[in-house]
Amino acid sequence: MKREVLQSDLEKLYTAGDMAKVGCRGCAGCWDCCQGMGGSVLLDPLDVWRLEKGLEKDFPALMQLCLELGAVDGVVLPHLRMEGGEERCVFLNAENRCAVHAHRPGFCRMFPLGRYYQNGSFRYFLQHQECRMEPKTKVKVEKWLDMPNLKRYEACILKWHDLLEQMQDIFSSDEDGQLSKDLNVYLLEHFYAQPCDERDCYEQFEERVEQMEKLMRICAKNT
Ligand code: SF4
Ligand code: SF4
């Protein structure tokens, strides 16, 4: 999805094998990025499946517990719910630590890194203004992300990004908005409401992307 990015942050881009200055002493005494984030902590299907397994809850239960839906560039996606006057993430516990650390979404794993998509690929960049903890230490990006089978995960993230861009292309020529509505419903049903079974989640994700891309090719021909 397209976000506001500071040009100065893009001067240095990182791959998973690079070292980046992100280490912030275990976030001791800080929880800035776990509150006041509005609807910006978007969850991709892999994030939702990880939470479903970790918390032993299905998608409707997660919607009640911690998620809300919001539209980003016309695409309806779930994001983490922030609550109360301070807009705290629902998973921020009384000790101001993440109660779902092992199952936290990709956005939380990356922060303060972001993804910059370019030429059919992406690299990471450091959002210098977003985390004020100093001094920071250098950490290998793959260690910071702490994601099993990172190469496979990154390939899925790229496919997800491409899929959402294809949806936006279709939306831009959908005059009465009906197709956009139908595709948004399909996306939520197909990727989120339908749980991941015991097979490899990356494999299931890729299958569902292929199915949706096939559907969108048919839609694009008919618009
Ligand atoms: S803003 Fe930085 S130090 Fe604070 S919780 Fe987030 S990553 Fe940790
Ligand atoms: S899921 Fe955890 S790391 Fe992510 S915003 Fe909520 S409390 Fe913070």
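The face of helix 6 that is turned away from its buried side carries the exposed residues Gln178, Val185 and Glu189, where exposed means that 12 or fewer other C-beta atoms, placed from the backbone, lie within 10 Å of a residue's own, buried means 20 or more, and partly exposed is in between. Helices here are DSSP runs of H or I with at least four residues, strands are runs of E with at least two, and both are numbered from the N terminus.

Before I go on, please keep in mind that this is a predicted model, in which local features need pLDDT of at least 70 and side-chain atom pairs count only at pLDDT 80 or more, while totals for chains, interfaces and linings use all residues. Residues are numbered from 1 along each chain as its sequence is written, and chains are lettered from A and ligands numbered from 1 in the order in which they are written.

So which residues of helix 6 are buried? They are Leu183, Leu187, Phe191 and Tyr192, and, seen down the axis of helix 6, they fall within an arc of 110°, so they line one face of the helix; that arc is taken from the directions from the helix axis to the C-beta atoms. These buried residues pack against helix 1, helix 2 (59-65), strand 4 (75-80), helix 5 and helix 7.

Let me turn to the core. The largest nonpolar core has 36 residues, of which Ala20, Val48, Leu80, Cys89 and Leu113 touch the most other members; such a core is a set of buried Ala, Val, Leu, Ile, Met, Phe, Trp, Tyr and Cys residues joined through C-beta atoms within 7 Å. Among the elements that give two or more residues to this core are strand 2 (19-23), helix 1 (45-55) and helix 6 (178-193).

Now the ligands. The residues around ligand 2, meaning those with a C-beta atom, placed from the backbone, within 6 Å of it, include Leu80 and Cys89, together with Cys34, Cys98, Arg104 and Cys108. Around ligand 1 we find, among others, Cys24, Cys27, Cys30, Cys33, Cys131, Phe111 and Pro112.

What kind of peptide bond joins Phe111 and Pro112? The bond is cis, with omega about 5°, and Pro112 sits in the loop between helix 3 and strand 7 (113-118). The peptide bond from Glu134 to Pro135 is also cis, with omega near -5°, and Pro135 lies in the loop between strand 8 and strand 9 (137-140).

Methods: Two residues are in contact if their C-beta atoms, placed from the backbone, lie within 7 Å.
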